[in-house]
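Here's a quick briefing to read with the model open in your viewer.

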Amino acid sequence: MDVPYFSIIIPTLNEERFLPKLLKDLQKQKEQSLEIIVIDGHSSDKTLELAQSFTHSLPLYIHTVTKRNVSFQRNCGASHAQGRYLIFLDADSRVNAYFIKNCLKAIRSNKSLIFIPLFHVSKKQYQDSIIFNLANFFIEVSQSFGRPISAGGSMIFEKEYFHFLGGFNEKLFFSEDYEKVSRARKYGVSAYVLKNVKITFSMRRFKKEGHFNVFRKYALAWLHHFSNSSGG
């Protein structure tokens, strides 16, 4: 097998409802220079069984870890990756058939070390699009300042630079993605926002916890990030 251009890293924990949908999206990619690495935190549902069913149709590798920590799981996935670029996706995200092809085109055109695809919501959640357009705006603008923010579970890193930075901070309970791009900024590297590469954002947390509670958590994360003296 040729060395893939992309390694897609997906941390999972009881994602039987969502992971198969994402894997089906990846089956449909117009560009297939990729491998998929699922790092599972000992799911108690059928996540592993369902993931295993895709190993015959996708270059999919499954690893089980005992530590349930998204940063640890992402770092573990990166340690197994063969690709030149690492794509971190949440298991409940969705991508269209041109996602990898558009990522490849954008990376070859811009030659950066970190990329952030933008948030996108499905047509069923069009009423939330204004909020996420605003979030995308802040993500893009923040890259020009000392305290950049990111898009959480949708980030792309050049692999060697990811390891140079030391991976995600496993001691943080939130804002680990903000801390990562801020650390890169200290070395003079800003993330490039991919306006034409979008990932459909899952609204399940909003449905479960309520819009107000989720936005409150995000607001607290932003405040913590911008007030933390170690962030810039």
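Asp25 and Arg94 form a salt bridge, with the closest N and O atoms 2.6 Å apart. Asp25 sits in helix α1 and Arg94 in the loop between β4 (85-89) and α4, so this pair ties together parts that are 69 residues apart in sequence. Keep in mind that this is a predicted model.

**Salt bridges**

- The structure holds five salt bridges in total.
- Is Asp25 buried or exposed? Asp25 counts as buried because its relative accessible area is 6%, under the 20% cut-off.
- Glu170 pairs up with Lys67, and here the closest N and O atoms are 3.7 Å apart. Glu170 is in the loop between α6 (159-165) and α7 (176-186), while Lys67 is in the loop between β3 (60-64) and α3 (70-80), so the bridge ties together parts 103 residues apart in sequence.
- Both ends of that pair are partly exposed: Glu170 has 29% relative accessibility, and Lys67 has a relative accessible area of 38%.
- Asp90 makes a salt bridge to Arg74, with 3.5 Å between the closest N and O atoms. This one links distant parts of the chain, with Asp90 in the loop between β4 and α4 and Arg74 in helix α3, 16 residues apart.
- Arg74 is buried, at 4% relative accessibility, whereas Asp90 is partly exposed, with a relative accessible area of 27%.
- Which residues end up in one network with Arg74? Asp90 and Glu176 do, joined with Arg74 through salt bridges that share partners.
- As background, side chains of opposite charge can pair when their charged atoms come close.

**Overall make-up**

- The protein chain has nine helices and seven strands.
- There are 232 residues in the protein chain, and 49% of them count as buried.
- If you look at contacts with a separation of 6 or more, 80% of them are between residues 24 or more positions apart.
- The protein chain has an accessible surface of about 12,100 Å², and carbon and sulfur atoms make up 54% of that.

**Surface patches**

- On the charged side of things, Arg17, Lys21, Lys24 and Lys28 gather in a surface patch of positive charge.
- Where does Lys28 sit? You'll find Lys28 in the loop between α1 and β2 (34-40), and Lys28 counts as exposed because its relative accessibility is 55%, over the 50% cut-off.
- There's also a nonpolar patch on the surface, made of Leu134, Phe137, Phe138, Val141 and Phe145, which together have about 480 Å² of accessible area.
- Phe138, one of the residues in that nonpolar patch, belongs to helix α5 (residues 129-142) and is partly exposed, with a relative accessible area of 42%.

- Most residues other than glycine have a negative phi, so the next two entries are worth a look.
- Asn14 isn't a glycine, yet its phi is positive, near 55 degrees. Asn14 lies in the loop between β1 (6-12) and α1 (19-27) and is partly exposed, at 33% relative accessibility.
- Lys111 also isn't a glycine and has a positive phi of about 55 degrees. Lys111 is in the loop between α4 (99-110) and β5 (114-120), and is exposed, with a relative accessible area of 66%.

Technical notes. Residues numbered from 1 in each chain as written. Predicted model: local features only at pLDDT ≥ 70, side-chain atom pairs only at ≥ 80, totals over all residues. Heavy atoms only, no water. Helix = DSSP H or I, 4+ residues; strand = E, 2+ residues; numbered from the N terminus. Buried < 20%, exposed > 50% of the residue type's maximum accessible area, 1.4 Å probe, protein only. Contact = heavy atoms within 4.5 Å. Areas by Shrake-Rupley, 256 points an atom, 1.4 Å probe, with all protein chains shown as cover. Patch = residues over 30% accessible without salt bridge, like charges linked within 9 Å, V, L, I, M, F, W, Y side chains within 5 Å. Salt bridge = Lys/Arg side-chain N within 4 Å of Asp/Glu carboxyl O. Lys, Arg positive; Asp, Glu negative; His and termini not counted. Charge placed at Lys NZ, Arg CZ, Asp CG, Glu CD.
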